[in-house]
Amino acid sequence: MTVIDVAPAVGEAPNEVAELIARYDGRAPRYTSYPTAPHFGPAVGASVYARWLAELLAETPLSLYLHVPFCDRLCFYCGCNTSVVRLESSHRAYAALLMREIDLVARLIGRRAAVSHVHWGGGTATSLPGDCLIAIMERLKERFAFERDAEIAIELNPTSLPPDRREALGPMGVTRISLGVQDLEPSVQRAIGRLQSYEETRACADAARSLGVGSLNLDLIYGLPLQTEEGVARTSRRALNLKADRVAVFGYAHVPWMKRHQALIPEEQLPGPVARYKQLNAIHRVLTQEGGYIALGLDHYALPSDAMAEAAAARRLKRGFQGYTTDAAPALVGFGASSIGSLPQGYVQNAPTAAAYAKEIEADRLATVRGIALSADDRLRRDVIERVMCDLEVDIDSVAAKWSADSAPLKAAASDGILRFEEDGLASWDGRRIVVSERGRPFVRSIAALFDAYLSRQSDKPRHSRAV
């Protein structure tokens, strides 16, 4: 994520920057899928998903995602599907359900399909006891054929990592961890209900590395209550000392109409659009100028030697439900409550609550409750949107030719909407190719939205976060 400096360019007054943000900082999808999740529906349920699994080609490698919807406490800013559950018996019961779902899905696929990538998320994935985490990984390796260099990644909360969970990382075969740092300023941590010292975070990273975990990702957030430009810069500098391979920088999405606990954050404590923009730039400057990271896509950074930076340079970067990824598997199979899967035929999502998920799995049924089947137009537009989001440019004729499709409707969409972005120096358009400028990078979601055929169909109720 490269962004322009907030100091105005020659001839550009500060109020012009504010006007630019006002024009383009609307609500837009993050495009971790297309069509996006609000357009999933009940027409795609368990029977459809079962058929799609059986139809997977033998040579199709899989990516697996496991969702653990539990936390020891609920952070006020959190947008994840999770709840506070501390009972070990509940954690063990959920682990048993995951293994039953793994067995069921593997049986429907009908073979030990190849696996190239595993990602554990939540909630807090390490809510599950260490022996359960190990047992689930062993079950996965029994039911699927892991590639020799398969990546196994897990999201960790440094404040919720008991010794048995930490020691499980080695036997699980974890190759990459993602640590939620968010912000290290005490006043901000109190405002978001997440007290986490730098020392705790450093100890977690060091422990993982001592167990053989080779890659470290950090998550930072801007736009949180009481954050300042100076404060996020301090957090970013301290984060540099952790020597992460990748850093993800997310804008806080305040959506209390979707996540009711976010109402605990007083809106008057939230920074406005211009302040958020300044925070974004402050983090960017520290990471790139002081840390030597390369900006990737909208919101990721990587060291030049990291596989993600190499994928971006080769135009192989991908966009998925965990953000940017090097994972090129054509099928993602999700396990657990609310997990989303992406298959060549379309998207599927499990029941959102642990109770509803358990009811289906205990009955030996898939827990799929909604999804969407992809049309030829969906696949074409998804490809265009992904290239805009990953490469900040797209050759529409080339993408259309790949799908043996007519490029005219996409060109018309670009021509109709790109002019205002061109006038403001955010992108260029030559009738075939869109190129997003460095100035336009923070607004790339809005540019990608030009190709979203579903946006005009949705209700007036807000469904997406701010674009910046």
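**Helix packing and selected residues**

Modeller: In the pairing of H3 with H4, residues Arg92, Ala95, Leu98, Met99, Ile102, Asp103 and Ala106 of H3 meet Asp131, Cys132, Ala135, Ile136, Arg139, Leu140 and Arg143 of H4. Contact here means heavy atoms within 4.5 Å. Helices (H or I, at least four residues) and strands (E, at least two) are DSSP runs, numbered from the N terminus. This is a predicted model, in which local features need pLDDT of at least 70 and side-chain atom pairs count only at pLDDT 80 or more, while totals for chains, interfaces and linings use all residues. Residues are numbered from 1 along each chain as its sequence is written, and side-chain values use heavy atoms, with hydrogens and water left out.

Colleague: At what angle do H3 and H4 pack?

Modeller: The angle between H3 and helix H4 (residues 130-143) is about 5°, and their axes are 10 Å apart. H3 is therefore roughly parallel to H4. Angles under 35 degrees count as roughly parallel, over 145 as roughly antiparallel, 65 to 115 as roughly perpendicular and the rest as oblique. The axes are lines fitted to C-alpha atoms, for helices over the stretch in contact, and angles run from 0 to 180 degrees between N-to-C directions.

Colleague: And how do H3 and H11 pack?

Modeller: Helix H3 (residues 88-109) packs against helix H11 (residues 354-362) at about 50°, with the axes 10 Å apart. That angle makes H3 oblique to H11. On the H3 side the contact is made by Tyr94, Leu97, Leu98, Arg100 and Glu101, and on the H11 side by Tyr357, Ala358, Ile361 and Glu362. By class, these are 6 nonpolar, no polar and 3 charged residues.

Colleague: What about H2 and H3?

Modeller: The axes of helix H2 (residues 46-55) and H3 come within 7 Å and cross at roughly 55°. H2 and H3 are therefore oblique to each other. Ala50, Leu53 and Ala54 of H2 make the contact with Val105, Leu108 and Ile109 of H3. This contact divides into 6 nonpolar, no polar and no charged residues.

Colleague: Changing topic: how many disulfides are there?

Modeller: A search of the whole structure finds 0 disulfides, a disulfide being a pair of cysteine sulfur atoms within 2.5 Å. The sulfur of cysteine 80 is 3.8 Å from the closest cysteine sulfur, in cysteine 78, which is too far for a bond.

Colleague: Is cysteine 78 buried or exposed?

Modeller: Cysteine 78 counts as buried because its relative accessibility is 12%. Cysteine 80 is partly exposed, with a relative accessible area of 34%. Buried means under 20% relative accessible area, exposed over 50%, and partly exposed in between (1.4 Å probe, protein chains only).

Colleague: Which residues does phenylalanine 451 touch?

Modeller: Not counting residues up to four places away in sequence, phenylalanine 451 touches Tyr34, Arg381, Val384, Ile385, Val388, Ile396, Leu410, Ala414 and Ile434. Phenylalanine 451 lies in the segment after helix H15 (444-448) and is buried, at a relative accessible area of 0%.

Colleague: Tyr34 is in that list. What kind of peptide bond joins tyrosine 34 and proline 35?

Modeller: That bond is cis, with omega about -5°. Proline 35 is in the loop between helix H1 (14-24) and H2. The peptide bond from glycine 122 to glycine 123 is also cis, with omega near 20°. Most residues other than glycine have a negative phi, and most peptide bonds are trans.

Colleague: Then what is phi for tyrosine 31?

Modeller: Tyrosine 31 has a positive phi of about 55°, although it is not a glycine. Tyrosine 31 is found in the loop between H1 and H2 and is buried, with a relative accessible area of 4%. Leucine 392 likewise has a positive phi, near 60°. Leucine 392 sits in the loop between helix H12 (376-391) and strand E17 (393-395), and at 5% relative accessibility counts as buried.

How values were computed. Nonpolar A, V, L, I, M, F, W, Y, C, P; charged D, E, K, R; others polar.
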